Each structure stands twice: as structure tokens, then as C-alpha cells.
Amino acid sequence: MNIIETKNLTKYYGKSLGIIDVNLSVAEGEIFGFIGPNGAGKSTTIRTLLGLIYPTGGSATIFGKDIIKFGPEIKEEVGYLPSEVFYYDDMKVIDLLKYSGSFYKRDRSVIDKRIKELAGIMDLDLTKKIDDLSYGNKKKVGIVQGLLHQPKLIILDEPTGGLDPLMQQKFFDLLKEENEKGVTILFSSHILSEVQKLCDRVAIIKEGRIIKVQRISDLIEKNYKRFKLQTAAKAEPENISIDGVSDLKIEGTTVSFLYKGPINEITKKLASLDLTDLWAEEPDLEEIFLHYYQKED
């Protein structure tokens, strides 16, 4: 079953494009990555899914229900953390979270217990006023707020801003625990290392359009290898001319490139060079991501 499904989802702001013909499917129990630079359309897609803005065209369902027709019903089972959080400054953290919990059809004692549990994990002081919190601690409030009702779907939009590395790891561990319980997660970010370590599949978005949807493992392991080699004499581009080579960089006797294709083909080509050293490794997601953007350009 697909928890999220969109069909040609489109949003224009007047004459300005937000997203166009976005087609996504997120399976139940999946951690799905949604990556692209700021302004690519990630937040617009998420806000449209949540019914915070209405689509110009296309359609979408969450839990098999139309996002417009069943919006309030869907929100009961969705936890959302926006990229920026804004609260009533004079409220205490505990009061704000209890107020947030009151909007859900849940037992109050269960909500209160959950708030304390999550606050303990995230090292959040419930007695402080919102106005006295740092940006990172306000983000912790947002995390607790998004998870306190034990949603079936968690949607995260640039969730780690302001969190130090230790707290980021606690947050990732928390998400993995929720996912092990069957919770589906949509994780939107421009920090590719986060997506790489956490997600099962990833969609790459550029200028409002999806340009690639693929499993993380396939994207990294099966499609590309990063080669770096040292030659005895200065290398020439024509010596590395072969289908599948991209992002070729030559600096004197040092050569590096991405390669997609049969390993035997590239090793035959390299055998003709006077090599002094050779490395082959999996490129990180950052390299692949930039490669797709450059290729589309």
C-alpha cells in the first residue's frame, strides 16, 4: 500500500511555478528522501500534500484518501515538522505541547506521557518559556510536537537545522525506532549525507520537477563508481574517452572521473595507460546529486 501518492501534482503562484507534474509514491513503512537545493520545490510539495496550500492541478492521496476532501481526517495521523517553527513566545514549552496535543483525538494521559518521554530523549526543558529557547531548542519543540500523537506518517521539512551533531544522531535514532514500529517517513532535506544514511529511496527535484526517483543503494552502488588514478606522464582527455565517463578532471598526472557501465570496459581502457596508482570507490550521494543537476543543465 502506498501511504503517499501524487499524480501530476502542480502548483503555480500566480504566473510563478512552484511544482509541476510531480509524481511520487511512498510505500507504507518506507523512509523516503526528498532532496534538492533551496527553492527546488520541496516545501511547496509538502505544503500541498498537507493541505496548507491548494494545488493548481493534479491530485494526491494520503492513506488512500484525497488530500482535499479528507484533509482533517488525514491530519489526525500525520506528524509534521516545518523547516522553520514559530510559537507563542510567552507560553511555557509544556503548555504549548499540551495545547498541541489537545487537537488530536487521543487519551490525554497518553499524550502527557509521550511528551515527557520525547522531551527526555531530546534533552528538552519543558519548564522554560518559548522566548527563552535557542533556535536549536525551538526545533526540539517542533520535533516533540510532530511526534507526540504517535502519527502513522511523519513529514519532515529540513528538520535538523539548529541541532548539534549529537542531538541530530539522537533524532535519527528516534526516527529509526518509529520506523521500526511501522511508521512511514517523508524526509525532505538539502543535506545529502542525512538522506544517504537514513532513507530507503530518494526523489531528486529540480525547478519544481522530479528528475529522478531511485533506491539509495542503486543510486550509489549500481550506477556509478568514482575512479581516481595516477599516471606516470601527464594524461590527456582522449586517453580516457569512453562511454559512461563523466565529471572528468585532469590535473597533471592525477585523473578522477565518475563511471557508469561495465567494469570490464573501463579496466581495459585503463590498462593501456601507464598507471602508478589507482583507486575505485562508491561516490557519495552529493557527487551523484550534483552530477544529475549538471546533466539536466
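Arg201 lies in strand 10 (residues 201-206); strands are DSSP runs of E of at least two residues, helices runs of H or I of at least four, both numbered from the N terminus. The model is predicted: local features need pLDDT of at least 70 and side-chain atom pairs pLDDT 80 or more, while totals for chains, interfaces and linings use all residues. Residues are numbered from 1 along each chain as its sequence is written, and side-chain values use heavy atoms, without hydrogens and water.

Arg201 has a relative accessible area of 18%. Arg201 therefore counts as buried (under 20%; exposed is over 50%, partly exposed in between; 1.4 Å probe, protein chains only). Its side chain makes a polar contact with the side chain of Glu30 at 2.5 Å (N or O atoms within 3.5 Å, one able to donate a hydrogen and the other to accept it; residues adjacent in sequence count only if both atoms are side-chain atoms).

Helix 5 (residues 135-147) has 13 residues. Its buried residues include Val141, Ile143 and Val144. The buried residues of helix 5 pack against strand 7, helix 3, helix 4, strand 8 and helix 6 (contact: heavy atoms within 4.5 Å).

The largest cavity holds about 50 Å³. A cavity is a set of points on a 1 Å grid over the protein atoms alone where a 1.4 Å probe fits but cannot get out; lining residues have an atom within 4 Å of a point. Volume is the space filled by probe spheres set on the points, which are joined across faces, edges and corners. Helix 5 gives the most to the lining, with four residues.

Definitions and conventions: Expected span 1.5 Å × (residues − 1). 1 Å grid on protein atoms, 1.4 Å probe; cavity = no way out; pocket = protein on both sides within 12 Å on 5 of 7 lines; lining within 4 Å.
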